[in-house]
Amino acid sequence: MLFLLLIIPSIFILVRTVSIEESNSTTTFSTDKLPRNGPFLDFRLLPYIGNGHVATVVYSDFIYMNGLYNGENGTSHRARIPSTLNWKFKIKSKSSLYTLNVSSGIFIETLENDEVRVERRFFASQEYTELLVAHVLLIRKAPTGQKIVVPVKVHEHITSIDINLTVVTRNPQYVLLSGKTREIENHQFQAETLPIFVYYTPLPMKGLELDQEETNRTYLFVTSIDNNQSIAKQSFDYATIDQQPDDILSSHISRWNDVWSNGHIDIEGDNQLQRQINSAFYYILSSLPPLSTKSESKQFYGLSPGTLSRGGHSGEDYGGHSFWDTETWMFPSVLLFYPTLAKEILSYRIALRDSAAYNARLFGYEGWRFPWESARTGVDVTPACCPEGRLYEIHITGDIAFAARQYISATNDQNWLLNELGGELIYETARFWGSRAIYNNERKQYEILAVLPPDEDAYPFKNNSVYTNAIASLSIQLANYVSCITNRTIPPKWLDIASNLYFPFDNSTKTYLEYEGFNLKHTTIKQADVVLLGFPLMWPMSDEVRQNDLLAYEPLTRADGPAMTWSMYSIGFTELGDYDKADQLFRRSYESYVRSPFNVWTETQSGIGAVNFITGVGGFLQAILFGYGGIRLKLDRLEFKPYGHLPDQATKFIFHGIKYQGFVLDLTIDNKIYEIFVSSQNNNNDITLVCEYGEHRGLLKVNDRLSFPIGTQLIIRRSVALCP
């Protein structure tokens, strides 16, 4: 029902204004017309605001909260919280502009007529993550002497199909909604339904006003959401009582500035590519916790392919579930610039370890077997439509272990290994593979049977997926590598499995086979699979085999495959020096998947499937970093070997804030030379790094600046190995 609420006090702030015009900035995405599907807004192509705790697609009917799911087992999905931000101005505007500013994490609506200019800024606060804020500024354009009223309308929804909500309080200062989700995801691992508390500012019943002599006025409409009522109320009071509206806005912007100064990529010569990169990082980072916040630490509940802002139906955007997408596609780019956020991603898997242990036992194995689809409890929430994923797509356990491998490679975080259960994660995933492999007496090798590889067209299952076997071997190798720190001795049988797994291989073409019995001439595949051995797994192989794999499987890949697939082919052909092919595949990895005007990604070129598809975003960023950037992160080293070829119109790449072993590095690449600058070192870090190139070996120190001809390999490593 349409109705308006109570008046709130006004706060007066002097401001400087600019005219409504579209910006050419590489961090703003503007339009004067929002995307529509017939007469309705097309919410699939609208951007979102988020901070890892709460998120919403602008103007949509729902807000989502980290970890808040409703539905039993395979029907589990993000619980829909009714939006408090989807109200509208009833103003006849002569001009309008809608802008996503990715540098500050703000969506701005600007409406203007002869009397008044209205600027509404939506943001999910980085300062207090419980907060979603609408900061509204009215600016007089007409002469003073007459009161101006800007009417508003709202369809206030206080019900949810997923949450039993009750209006506990309604007064001039706030409305409080309280409730619990309607269904438990899994009774064994969730004792009760999940609580939710929503405080929000009521709208003024007379509209927003400028008195006769006022030139401007600022309103702040605040929503605070948490599963702890006290925390939700404290954050609401901070924003509405303790602080001025512009202070709330400026603090949020300052924290986003800190995010970008902590790590970002600059492109010279190609503004369009710069825009793609900036928006790509924004869409991933907005579903992760802030680098700096005043809110209490909360358990993170995973990165879904459709971000935190979507997934309110079990069939929509994968219900907000987490897959291998998180660790394989999104994690690597986050790790290089923001290792603390990478650790948050791994913390999700560790927190749900009891379910992983149960899942392994359920199938008759040991260790931790992670689910193909995970939500609140860590039980497998793959829908009933797709049992193959739940039963056979076990490579996800290796994918998670490989992310742990990357994290240790980048950070040497021994505290995580010993005191935050990182060592247990590594050991128990290896233990699973030790129990899953069986010995074939005829081959005199181990096998892993009945699995579904990354190529899901190979359903329901195959034997000896080459990708699954490789990542299982790497998982066991990692457990052995860190055993000197964890003091967990690896059984000899596991090591024998790791070194003696069967890898299907065609000797006549010198090509790895995707699985046992794979036909290289008459099979199509859904997405990148075998080529992942070359990168990101960096499985030992000759250049000839690497080339053969790329040449064999790229033409077999479905033309309508998901976005992230082409980025892996681009990386591979960059390695081979086939830059025309690499560029073609790089452009294919994003141009057909990114939708204007806000650079929202879709899962497929046709636009169907998940939207705000940050799996594709992750693949795109990997092509920039590991393809054109020539970066390789290995267990005992960080390697640089840029190829000197940059895509499209770019003349220079600058990677600011690469983190390695407590040091911060900047990498600059053009078509002739590349440069490494050591900008800083963690104050608590007493590690010494050495650099190696050609016959040279020397210490690497803060403020060192090293330049090399393109094609020179630079190796940076610890002066003392993890396990001397």
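Helices (H or I, at least four residues) and strands (E, at least two) are DSSP runs, numbered from the N terminus. This is a predicted model: local features need pLDDT of at least 70, side-chain atom pairs count only at pLDDT 80 or more, and totals for chains, interfaces and linings use all residues. Residues are numbered from 1 along each chain as its sequence is written, and side-chain values use heavy atoms, with hydrogens and water left out.

Figure 1. Proline 536 sits in the loop between β26 (511-512) and α14 (543-553).

**Figure 2. Tyrosine 459 and proline 460 are joined by a cis peptide bond.** Omega is about -5° here. The loop that holds proline 460 runs between β24 (445-447) and α11 (466-481).

**Figure 3. Asparagine 612 has a positive phi.** The angle is about 50°, although asparagine 612 is not a glycine. The residue lies in the loop between β28 (600-601) and α17 (614-628). Is asparagine 612 buried or exposed? Asparagine 612 counts as buried, at 1% relative accessibility. Buried means under 20% relative accessible area, exposed over 50%, and partly exposed in between (1.4 Å probe, protein chains only).

**Figure 4. Aspartate 648 has a positive phi.** Phi is about 50°, and aspartate 648 is not a glycine. The loop in view lies between β30 (637-640) and β31 (652-660). Aspartate 648 is partly exposed, with a relative accessible area of 29%.

**Figure 5. Valine 594 belongs to strand β27.** The strand covers residues 594-595. Valine 594 counts as buried because its relative accessibility is 13%. Which residues does valine 594 contact, leaving aside its neighbours within four places in sequence? They are Gln276, Asn599, Val600 and Trp601. Contact means heavy atoms within 4.5 Å. Alanine 280 is 314 residues from valine 594 in sequence. In space, the two are 9.9 Å apart, C-alpha to C-alpha.

**Figure 6. Cysteine 385 and cysteine 386 are shown with their accessibility.** Cysteine 385 counts as exposed, at 60% relative accessibility. Cysteine 386 counts as partly exposed, at 33%. How many disulfides does a search of the whole structure find? The search finds zero. A disulfide is here a pair of cysteine sulfur atoms within 2.5 Å.

**Figure 7. The whole chain sets the context for the close-ups.** The chain has 17 helices and 37 strands. Its radius of gyration is 26 Å, close to the 27 Å that the globule rule gives for 724 residues, so the chain is as compact as a globular protein of that length. The radius is taken over C-alpha atoms, and the globule rule is 2.2 Å times the number of residues to the power 0.38. The C-alpha trace spans about 90 × 60 × 50 Å along its principal axes. Of the 724 residues, 63% are buried. Among contacts between residues at least 6 apart in sequence, 67% join residues at least 24 apart. The accessible surface comes to about 27000 Å², and 48% of it belongs to carbon and sulfur atoms. Accessible areas come from the Shrake-Rupley method with a 1.4 Å probe; for residues, only the protein chains shown count as cover.
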